[in-house]
Amino acid sequence: MRKFLITLSILFISGCSIDGLIVWGEVNKVQIVKQNAYIKHYRAYFHRSPLHTIRHGKKYLFFYNRKTKDLAILLHPKNKYILYSFSHPDLVMKIRSDRKHSYAHMMKTLRQKGYRITSPHTVGYTTNISLRRYKKVKTYLVEVKNYQHLQHLYKKAIKTYNAKGIKKIKTKLPKVLIDTYYQTYKAKATTTEQFKALKIIANKLDLETFHPSKKHTSQEKSRAETLIDTKKDNSAQLYRYYLKDASYTELTHYLSSSDAKYALSYEQHKMLNKRYNQMKEERLLENGSLEELISAYKKNKNPKYKLKIMQRIKEIDQMKKT
């Protein structure tokens, strides 16, 4: 208690406000916002200023542990990496970062503990990350929603062509978490009963309703045509998601994957790269260090960067005066 009072006195003497003290107790902490039978909603504010780039311009990465079903975010403040769990909010893992403890050391440590880099939507989660000022402190606002249980119920209904288990469910499941799975089993449907079940499921999910085509003389030909259409639908769905809704991290991982190489046309790849470059520029202008901004301006001579550099120098000068 005495140590706490001494620390408190020092903070007040140095001019720290009550709001500032409250913020430091609220940032860098995962909290459960909402929880019911089908969804868990988590929220966290992470202090942006002390964060270093992890790799390839990224200041955060998502990891997933399949054994513990744990989705976590990795950040890189000075001299350490910190892994914050969303699935288990009290779990925080710190890993040293110095000349003897590199990025490779951090990755090896996390692999040994069962964590792998992931895109959240591939494991039943959605994420939304935005830049926010929380009580005058620059932060990342990270919203994470766990749909794994609801996704499991819909996958079971689709796989068995039985909609009884999901008829009373009112909670919406994002299309990106189920559409590819739905399209796969849609292509395999052959009976009237299966078509009826799929129609009910599609309506619940706001997916494109399945209309069974007339039987062809060759069942194999019909199946092949359906599979081709399904692949096109899946590709279009994924492209729309990455063009409009995907986070910077998700888009980065997708563009570097083999899936993007084979699924995207030249024009689609061009459009996604355009969005990626726009998001990268926005992140750099908003959160880049003075050195990073100067380096970028030397290359592109963009007036926006010059203006941001002047603002950043002014901020640093004001901080020194205070």
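Buried denotes under 20% relative accessible area, exposed over 50%, and partly exposed the range in between, with a 1.4 Å probe and protein chains only. By this criterion, strand S6 has a covered face formed by Met93 and Ile95 and an uncovered face formed by Val92, Lys94 and Arg96. The model is predicted: local features need pLDDT of at least 70, side-chain atom pairs count only at pLDDT 80 or more, and totals for chains, interfaces and linings use all residues. Residues are numbered from 1 along each chain as its sequence is written, and side-chain values use heavy atoms, with hydrogens and water left out.

**Overall composition**
- The protein contains twelve helices and nine strands, taken as DSSP runs numbered from the N terminus (helices H or I, at least four residues; strands E, at least two).
- Of the 322 residues, 41% are buried.
- Among contacts (heavy atoms within 4.5 Å) with a separation of 6 or more, 55% link residues 24 or more positions apart.

**The open sheet**
- Five strands form an open antiparallel sheet in the order S6-S5-S4-S3-S7, where pairing requires that DSSP finds at least two bridges between two strands.
- Strand S6 (92-96) and strand S7 (115-117) are the edge strands, each pairing on one side only.
- On average, neighbouring strands of this sheet are turned by 30° against each other, direction ignored; axes are lines fitted to C-alpha atoms, for helices over the stretch in contact, and angles run from 0 to 180 degrees between N-to-C directions.
- Four bridges join strand S4 (residues 70-75) to strand S5 (residues 80-85) in the antiparallel sense, and Leu75 stands opposite Ile82 in S5.
- S5 and S6 run antiparallel with five bridges, forming a hairpin with six residues between the strands; Tyr84 stands opposite Val92 in S6.
- Helix H3 (residues 103-112) lies across S3 (61-65), S4, S5, S6 and S7, and runs at about 145° to S6.

**Nonpolar cores**
- A nonpolar core is a set of buried Ala, Val, Leu, Ile, Met, Phe, Trp, Tyr and Cys residues joined through side-chain atoms within 4.5 Å.
- The largest such core has 58 residues, and those with the most contacts inside it are Phe46, Ile73, Phe86, Val142, Tyr154 and Leu272.
- Helix H6 (residues 192-205) gives the most to this core, with six residues.
- A second, separate core of 14 residues includes Ile54, Phe63, Met93 and Ile95; Met93 and Ile95 also form the covered face of S6.
- Ile73 touches residues including Phe46, Phe86 and Val142, not counting residues up to four places away in sequence.
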